[in-house]
Each structure stands twice: as C-alpha cells, then as structure tokens.
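I opened this notebook to record, step by step, what I looked up in the structure shown below. The entries follow the order in which I went through it.

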Amino acid sequence: MLSIENLKAKVNDKEVLKGIDLKIKAGEVHAIMGPNGSGKSSLSKVLAGHPAYEVESGDVKFDVNFEMKSILDWEPEERAREGIFLAFQYPIEVPGVSNITFLRLAFNAICRHQGASEMNEEEFRKFVAKKSEIVKLNPDFLDRAVNEGFSGGEKKRNEILQMAVLNPRLAVLDETDSGLDIDSLRIVAEGVNRLRNKNNAIVLITHYQRLLDYIVPDFVHVLAGGKIVKSGDKTLAHKLEKEGYDWLLQ
Amino acid sequence: MNPFENEYKHGFVTTIEEDAAPKGLNEEIIRFISAKKNEPEWLLDYRLSAFAQWKKMKEPDWAGLKYPPIDYQAIRYYAAPKSVSEKKKSLDELDPELLKTFERLGIPLQEQKRISGVAVDAVFDSVSLGTTHKETLAKAGVIFCSISEAVQEHPELVRKYLGSVVPVADNYFAALNAAVFTDGSFCYVPKGVKCPLDLSTYFRINAQESGQFERTLLVADAGSFVNYLEGCTAPQRDENQLHAAVVELIAMDDAEINYSTVQNWYAGDRQGLGGIYNFVTKRGKALGKNARITWTQVEAGSAITWKYPSCILQGDNSSGAFYSVALTHDKMQADTGTKMIHVGKNTKSTIISKGISTGESVNAYRGQVKIMPRAEGARNYSQCDSMLVGARCAANTFPVIEVQNDSSTVEHEASTSRISEEQLFYLKSRGLDQEETISMLVNGFCKDVFKQLPLEFSVEAVKLIEMKLENSVG
C-alpha cells in the first residue's frame, strides 16, 4: 500500500531523513521507535506533505486503485483525499470553527473526491455521535471550536475521532501516546484497535513500549539519525524497553 | 501583470465625457457646485459656513495613519457625466456607457433587469444617476431619492435634519464634506411604515483627480423600519483619490434602521501605490424611545480607512449596534471602530469587531463607550477580535470606556489569533484545499458579523473577503 524508497528530506536546510526504505501492506501495523531527534516526526510530516519539508531524493508511492503512484507532488489535501491521515503530535487549535463544521467539511471533501455521497448536517451529526463513542468523547465537543481549550488528552482523542470519521487507508499516529495518562492511553489505544482492519494500515510513532502493549504491532522499526537502523517484530520493542537504543547506535 | 491586481475586478474606467469643476477649493468652487445643483440660499450659506470653519481646522493625526499630505487644491470637487449633468434623464434613457458600467458592477439599472426586492440609488462621481423602484416606494409613502433631488423636492425635511447628527464642524473631514458634498442618498420612512424594499446606494468613483464627497441622510419616523445597504468601488489608478463622506441616521420612537456597508474601494497595488483615502463620518441618533440603529460593515478596500460609525443613544431604552469586519492586505491601513454614547435610560449597545490583517498592513480597532450620568441601567457589550496572517502585519485595539453612573454594565472582550502555516497544514491534511480552508477560517472568525447582513449581501461579502485573503495567504 505504501512504499518508501531511499527517502531523503530536509527542513530549514538540515537533512532530517537520510535514506529511508519501508514497505507497508494493507492490514499491517508498523511501529516506528527511536530516540529524540531521530527523524520520526519528520517522516510523518513528509508523508502528509508538510510544506516546510523538502524531499531531496527518493520516492514515496501509495496504492491508488491498484497502482502505486508517487505522492510527493501532491498537496496535503490530495493525500488526505486518497486516504492518508496523520494524527498530529501537537493538534492545532482553530478558534471560531466548530469541530462538527470542520469534520463535516473535511468528510464531505473526501467523499466528493471518492465519488461517495455527502452528508447533510443532520445525518452527519448522527454519524459523528456514533463515532465519538469509540474515543468516549462527550458529544458537547462537537460544538466547541477545534481543539480550543482542550486538554492534552482531549486533543489526542479528537485526533482519533477524526481518524474514525475520515476512515483513512493509511493512518500515521505521531506520538499519540505522549502526554496521556493511563486511562486516556487505554481509551485511545482501544479506539485505534477498533479502527484496525484488513484494509487499512497503521503507523505508530512512539517513544515508548507502553503504547505497544495495547496496540500490538506486526513490525517494529528503529529510526536513528534519519535512517531505519533495525527492523523486527514486536519482541524488538521489548528489547528496546529493557536495553535502550545505545546498542543500536554504536 | 501581477495576478493580484487582476483580482480587483472593479478597477475598470468608464470612458465618458465628464463635466468637471477646475481643480482647487475656494468659495467660487462651492458656489459652482451649489449652482450646478440649483440649491436654495440656505444650503449655499450652510456650505460656505462649513468651508469657513474647515479652513480654521487641522487635519486630525491621532489615528497615526501614514500618508503624504493631501493637497486639497489638487482635487476636483465636482465631476459628472456630461449627459447627466446637463439634463436629468430617466434611468432607461441614460447614456449606455453608464448603464453598462453599473451592469458590470452587478447593479443593472434598467427597468426589466432590476434586482427585485432592492431599490438602488446609483451615484457616479458627483451625481446620482437615479433611483430604481420609485413607484413601489412611493406607494408606501417612502421617499428615496438622491440628496440633490431631496433638496429640490423636500427642502423642509433636508433642512430640518441635515447636520443634526453630524454638526458642520464635527471634524475636519465632516466640515470639508459639508462644504463640498455633491450627492448621496436621502430617505424618509414615514410613521409606522415598514419599508417594502431594502434600500441601497452604490457609489462609484470614475473621474480622475476627483474626490467623492457623498452625503447620506436617513430618517426613520416613529414605528418605522428600514434596511439600507451601501456598496462602493473605484477604478484602479496610481494616484490616490479622496473619499470623504458623511452619513446621518435618525431613528424616532420604536423605529429601526439597519445600515450595512460593503466597502471595496480600490486599495492600491501591492507596493501601496494608488488607492482611495476613505475618511468617513457615519453617525446615527436613536432619538426616540426604543429606537434601534445597527451598523454592519465589511471594510475590504481603500488604501486608508478612517471610519467610526457611531450611535448616540438618546431615547430611553434605545439600542445601538456595530458589527464590523475589516480586512487589510499589502500596505493598507485601516483605523475603524465605533462610538456608543449612552444618554437615555436603559440604553443598550453591542460592538462586535473583527479585524483581519495580512501582508504589511495595519489594522486598528478604535472605540469609545461613553455612559452619561443620566443613562441609568445602560449596558454595553464589546468584543474585539484580531486575526493576523503572516508576521509583518499589525493589529491594534484602542478601546476607551467611560462610565458616569454606577447602575450600568460594561463588558469588554478582546482576542488576537494568528493563521499560521501549521494551522493551514493541519486543516489541509484533513482533505480541505486552500480555498476551503481559508473560507472555513474566515467564516468561523467573522460569522457573528456576516449573519447580520442581508443574505445576498452576506454571500457577496464572504466571497470578497475570501478572495482577498486567498490572494494574500496563497
């Protein structure tokens, strides 16, 4: 579904990705771990098309109607419409715009692109109310401005709600576990597990093994210095938890 | 060509023979204007006295606006299409060039093409070309015509109310306007009449080196109701042009006036060359009990905007409101806000101001809420929000609150936010394109103001703001 080939990218003239190779198939969950500054968040931003990141070489291909297409020239919204979703590490506040309006406009933009029928306000409200149960968000949230005045945990849950509503084929979760207490972590993880199916793929970017106790990955990759230095199965995460990253960095 | 400049789609010039006064300002010019309009003696005296006072006044600089000194002798104070200036014609007999101009601006004037539900007074440079839907209005007893015509047809009303809200020497630009005003609209809604149509005036500056000094006077008699809309555009030129208008509203007992403006004068190019200097005095007097005046404005044009639509809440239980969206881009400067003067008991005022600054522009809210000793139980609520786009623009808020009794309530809220690259990326990463993103942000920010506008006007205003923002953000 996703193929990253020798990807090199820089931001503010600093090279942050130094040749990444990664293949992800539908139905898989990949965890990407690594120390601070290793390029984990950069990778997620490049996948979503952040304008500040410049790809120097390599390619990122995504399955569109059974054909692998390079997405590097696509605008962020084009990637989103094809089914790529990034749950932000620090979700952005959007004063004045209510969650429900934002979600509906985004949902309908994606439906339009995919040739699905759009929903009116009433239908959408019912649809979202159901989805909010997945992350146990009180429906009041829908009428509040996007992320404004939300606690850290609420913001992260809101990201997963967006994922539930937009139903992406590839979801990249950038440190969705950071700043969450144990209850919120469980809610978010259970939410993600419920959204996991054989047609979509999930990339979990995390510092900690903890999240992986709840969302069990098929593959674990260690990113260091802008490269994947080690890949393995879920046992790799346990080893990292015990031994740290040092043994990989030498 | 710069794609941005192309976007000012009202920037065209109408080629037409104009009858114009020579440049300069003196008593002779004032007599010339007065004679052109065949005015009675009292009005000429009014003008001359205003001129005498203006000469003694100083151009205000407290708003801190930056512009080269205006040479008042380099302006033409009267310009009118020759065909109209010489002989008044019905709208259907107008020079086709003029009809075409208004059609291009989206305001067809001919009988069969007119917009239903809205009566229009079309002002071109210094003259009104005429008003539409006169018959329907006349049936309801509503007078709606150009102020020049009102001076001829209803001199007693004009004389009674002209300058009663904005005195001749109120301020520098109001005094200048009183001396040289040329045209504008006049409206009188009689007792108990709900005006059957929305009224509107469309102001168009066309002639080069001319200024536009419009004068509008609206009187809503007891128990009446009127919606009034105002739109403005001008050609795209490298020289600055002066627009100094005065608008006076009077609302009697239980009367209601809603005055909405979408101002889109040419704002100059990206480097700040050209554009309209918009120095405007707008004030309403809620004279009677329970009178209501609402100003709603969308200020999206002009190189400089200096404008404070205000309310004097004289009648007990009267109320005033000011809803404003001001957008500045590139090198534009806007200093706008309101004054709410509470005189009567239990008077109420609401101020909702939304400023959006982009580019290197400067956007200020300047407001005064004054509650007089007798205004017991007065209430004010003010909310002033600024949105910054990019790092080189500025937004300022200067609220002054003065309360002279202790039974009144005043609330003031203010906020500043910034549209950042991160915000745009976040929204786009959910599937919204640039246009949808900007539109959503603007609608979210301005919805409290947009919902005050009549529907059609609101759609236009939203489109205008979105278009201007897309150009400055994209």
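This is a predicted model: local features need pLDDT of at least 70, side-chain atom pairs count only at pLDDT 80 or more; totals for chains, interfaces and linings use all residues.

I began with a pair of strand residues, and found that Ala31(A) has Val220(A) in β11(A) as its bridge partner. The strands β3(A) and β11(A) run in the parallel sense and pair over 4 bridges, where pairing requires that DSSP finds at least two bridges between two strands.

Residues are numbered from 1 along each chain as its sequence is written, and chains are lettered from A and ligands numbered from 1 in the order in which they are written.

I then looked up the sheet around this pair, which is open, has 6 strands in the order β6-β9-β10-β3-β11-β12 (chain A), and shows mixed pairing. Its edge strands, each pairing on one side only, are β6 (84–87) and β12 of chain A. On average, neighbouring strands of this sheet are turned by 20° against each other, direction ignored, with axes taken as lines fitted to C-alpha atoms (for helices over the stretch in contact) and angles running from 0 to 180 degrees between N-to-C directions.

Next I asked which helix packs on this sheet. I found that α8(A) does, touching β3, β11 and β12 of chain A, and that its direction makes about 45° with that of β11(A). Contact here means that the C-beta atoms of two residues, placed from the backbone, lie within 7 Å.

I went through helix α8 (residues 234–243) of chain A and found Leu236(A), Ala237(A) and Leu240(A) buried. Seen down the helix axis, the buried residues of α8(A) fall within an arc of 100°, so they line one face of the helix; the arc is that of the directions from the helix axis to the C-beta atoms. Burial is counted from C-beta atoms placed from the backbone: a residue with 20 or more others within 10 Å of its own is buried, one with 12 or fewer is exposed, and one in between is partly exposed. The face of α8(A) turned away from the buried side carries Thr235(A), Lys242(A) and Glu243(A), which are exposed. The packing partners of the buried residues of α8(A) are β3 (29–33), α7 (210–214), β11 (219–224) and β12 (227–232) of chain A.

I followed the chain onward to Gly244(A), which comes after α8(A) and has a positive phi, near 75°. Tyr245(A) lies in the loop between α8 and α9 (246–249) of chain A, and it counts as partly exposed because it has 16 C-beta neighbours inside 10 Å. Leaving out residues up to four places away in sequence, Tyr245(A) touches Gly34(A), Pro35(A), Val222(A), Ala224(A) and Leu240(A).

Finally I checked how chain A is divided: domain 1 covers 1–83 + 171–184 + 207–250 and domain 2 covers 97–168, with bounds from an automatic or database domain assignment. Their contact takes 9 residues from domain 1 of chain A and 10 residues from domain 2 of chain A.

Definitions and conventions: Helices (H or I, at least four residues) and strands (E, at least two) are DSSP runs, numbered from the N terminus.
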